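This report covers a sheet, a surface patch and a set of salt bridges. The sequence and structure come first.

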Amino acid sequence: EEEKTGKIKSAVVQTSAARDWTVKVLVEGLKPGRKHYYRFLTTNQAGVSPTGTFTLPDEDVSKLTYGVFSCSSYAWGYFNAYDFARQAKLDFWIHLGDYIYEEGNAYPTMEQAVRWPRTPMKMLSALDDYRARYGRYHTDPALQAIRAAAPLIAVWDDHEVGNDWAADGIPSTKDATAFKKREAEAIQAYHEWLPTRSGYITTDGQAGEDMGMFINRT
């Protein structure tokens, strides 16, 4: 609520190493046109997350403020664009893919990289690798801030799995069995760390009466 008073919804959920200690909660029955605040606490309150905010659009969606991003490489630079955008009181933001990059220390090289170290120091190929890379990206203060400031609508591209990823594989991976395992584990980590409804889905989210947004994941 505007004054941060009154608890609207609460729930107790469990997480574990099986989902990389991440938590996603689907909250329904919220009122539009009202600013909502949320946070996560551990059961013993030893850990308390920063407070996040979001506002559901009301029936008048003639004006929306949102940001669009893509191709976000931690090693190539700082996420200043995230920090700039989150100050604009976004209704939401969209990431069109390449939320992470899977490369090792060859691109960029250590001499080219704006910041280091990259975790892990190799090309990603297994579940723990992808999880570690998402964890590294989310140490960035600007990414943390925009995630807390507004809802994210996420779509993947290729680097969430591998360069030039397509249905028939990755050019650098010739072994079809190894590719399928890598693909499945990369997608698992993506759904763990990003606010999606897990699984292969096509979503159509609609807000108010006049706004339609259709996102296809293929």
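Helices (H or I, at least four residues) and strands (E, at least two) are DSSP runs, numbered from the N terminus. The model is a predicted one, in which local features need pLDDT of at least 70 and side-chain atom pairs count only at pLDDT 80 or more, while totals for chains, interfaces and linings use all residues. Residue numbers start from 1 along each chain as its sequence is written, and side-chain values use heavy atoms, with hydrogens and water left out.

**Salt bridges**

A salt bridge is a side-chain nitrogen of Lys or Arg within 4 Å of a carboxyl oxygen of Asp or Glu. By this rule the count comes to 7.

| Pair | N to O distance | Helix |
|---|---|---|
| Asp-128 and Arg-131 | 4.0 Å | α2 (residues 127-137) |
| Lys-180 and Glu-183 | 3.6 Å | α4 (residues 176-193) |
| Lys-181 and Glu-185 | 2.9 Å | α4 |

Accessibility is given in classes: buried means under 20% relative accessible area, exposed over 50%, and partly exposed in between (1.4 Å probe, protein chains only). In helix α2, Asp-128 and Arg-131 are 3 residues apart, about one turn of the helix. Asp-128 is exposed at 56% relative accessible area, whereas Arg-131 is buried at 10%. These two residues are also linked with Glu-192 in a network of salt bridges.

In helix α4, Lys-180 and Glu-183 are likewise 3 residues apart, about one turn. Lys-180 is partly exposed, with 45% relative accessibility, and Glu-183 is buried, with 12%. Lys-181 and Glu-185 are separated by about one helical turn because they lie 4 residues apart in α4. Lys-181 is exposed at 51%, while Glu-185 counts as buried at 16%.

**The sheet**

Two strands pair if DSSP finds at least two bridges between them. Which order do the strands of the open sheet have? The order of its 3 strands is β3-β4-β5, with parallel pairing. β3 and β5 stand at the edges with a single partner strand each, so one side of each is left without a neighbour in the sheet. From one strand to the next, the twist averages 15 degrees; axes are lines fitted to C-alpha atoms, for helices over the stretch in contact, and angles run from 0 to 180 degrees between N-to-C directions.

Strand β3 (residues 66-69) pairs with β4 over 4 bridges, and Val-68 has Ile-94 of β4 as its bridge partner. On the β5 side (residues 152-154), the pairing with β4 runs over 3 bridges, with Ala-154 of β5 as the bridge partner of His-95. Strand β4 (residues 92-95) is covered on both faces: Phe-92 and Ile-94 on one side, and Trp-93 and His-95 on the other, are all buried.

β3, helix α1 (residues 80-86) and β4 make a right-handed β-α-β unit. A crossover is right-handed if, with the strands pointing away from the viewer, the path from the first strand over the helix to the second runs clockwise.

**A nonpolar patch**

Patches are made of residues with over 30% relative accessible area and no salt bridge, where like charges are joined within 9 Å and nonpolar side chains (Val, Leu, Ile, Met, Phe, Trp, Tyr) within 5 Å. Accessible areas come from the Shrake-Rupley method with a 1.4 Å probe, and for residues only the protein chains shown count as cover. Val-13, Val-23, Val-25, Val-27, Tyr-38 and Phe-40 form such a nonpolar patch on the surface, with about 440 Å² of accessible area together. Phe-40 sits in the loop between β1 (35-38) and β2 (52-55) and is partly exposed, at 38% relative accessible area.
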